[in-house]
Amino acid sequence: QLQLVESGGGLVQPGGSLRLSCAAAGFTLDDYAIGWFRQAPGKEREGVSCISSSGGTTNYADSVKGRFTISRDTAKTTVYLQMNSLKPEDTAIYYCVNIVACLHNMATVSPTDFGSWGQGTQVTVSS
């Protein structure tokens, strides 16, 4: 299984920013399309953003478009999610996972058979 580790969450005021990181221990991510998902209390997990293995394709949920940016580092070891202009409704546990493909409709993005969900990182947006 491809186990990824998320980090970078925290408590931030509305309008603030956070950068989440997604990394794998011991190997690079350049062969894998990666998706960021989130799950708020009492709600189903939803796709937030994704990036193709080459980095040439990125997609976003409508709720975060224009505020969040997904990227890969040049060493291909880490995928980032830069989150700006955060809102209370962005509060959730954020997860990254290997996905089948980075599709335009985030609702159709799904993990591969060997992608497994990690612990996630908590993001809380509150004044």
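Predicted model: local features only at pLDDT ≥ 70, side-chain atom pairs only at ≥ 80, totals over all residues.

Modeller: Residues are numbered from 1 along each chain as its sequence is written, and side-chain values use heavy atoms, without hydrogens and water.

Biologist: What makes β2 and β11 a pair?

Modeller: Strands are DSSP runs of E, at least two residues, numbered from the N terminus. Two strands pair if DSSP finds at least two bridges between them. Three bridges join β2 (residues 10-12) to β11, so the two pair by that definition, and they run parallel. Leu 11 stands opposite Thr 124 in β11.

Biologist: How is β9 joined to β11?

Modeller: Three bridges join β9 (residues 92-98) to β11, in the antiparallel sense. Tyr 94 has Thr 121 of β11 as its bridge partner.

Biologist: Why are β2 and β6 called edge strands?

Modeller: The open sheet has six strands in the order β2-β11-β9-β4-β5-β6, with mixed pairing. β2 and β6 (58-60) each pair on one side only, and are therefore its edges.

Biologist: What about β4 and β5?

Modeller: β4 (residues 34-39) and β5 (residues 46-51) share five bridges, antiparallel. Arg 38 stands opposite Glu 46 in β5.

Biologist: Which side chains of β11 are buried?

Modeller: Buried means under 20% relative accessible area (1.4 Å probe, protein chains only). In β11 (residues 121-125), Thr 121, Val 123 and Val 125 point to one face and are buried.

Technical notes. Buried < 20%, exposed > 50% of the residue type's maximum accessible area, 1.4 Å probe, protein only. Helix = DSSP H or I, 4+ residues; strand = E, 2+ residues; numbered from the N terminus.
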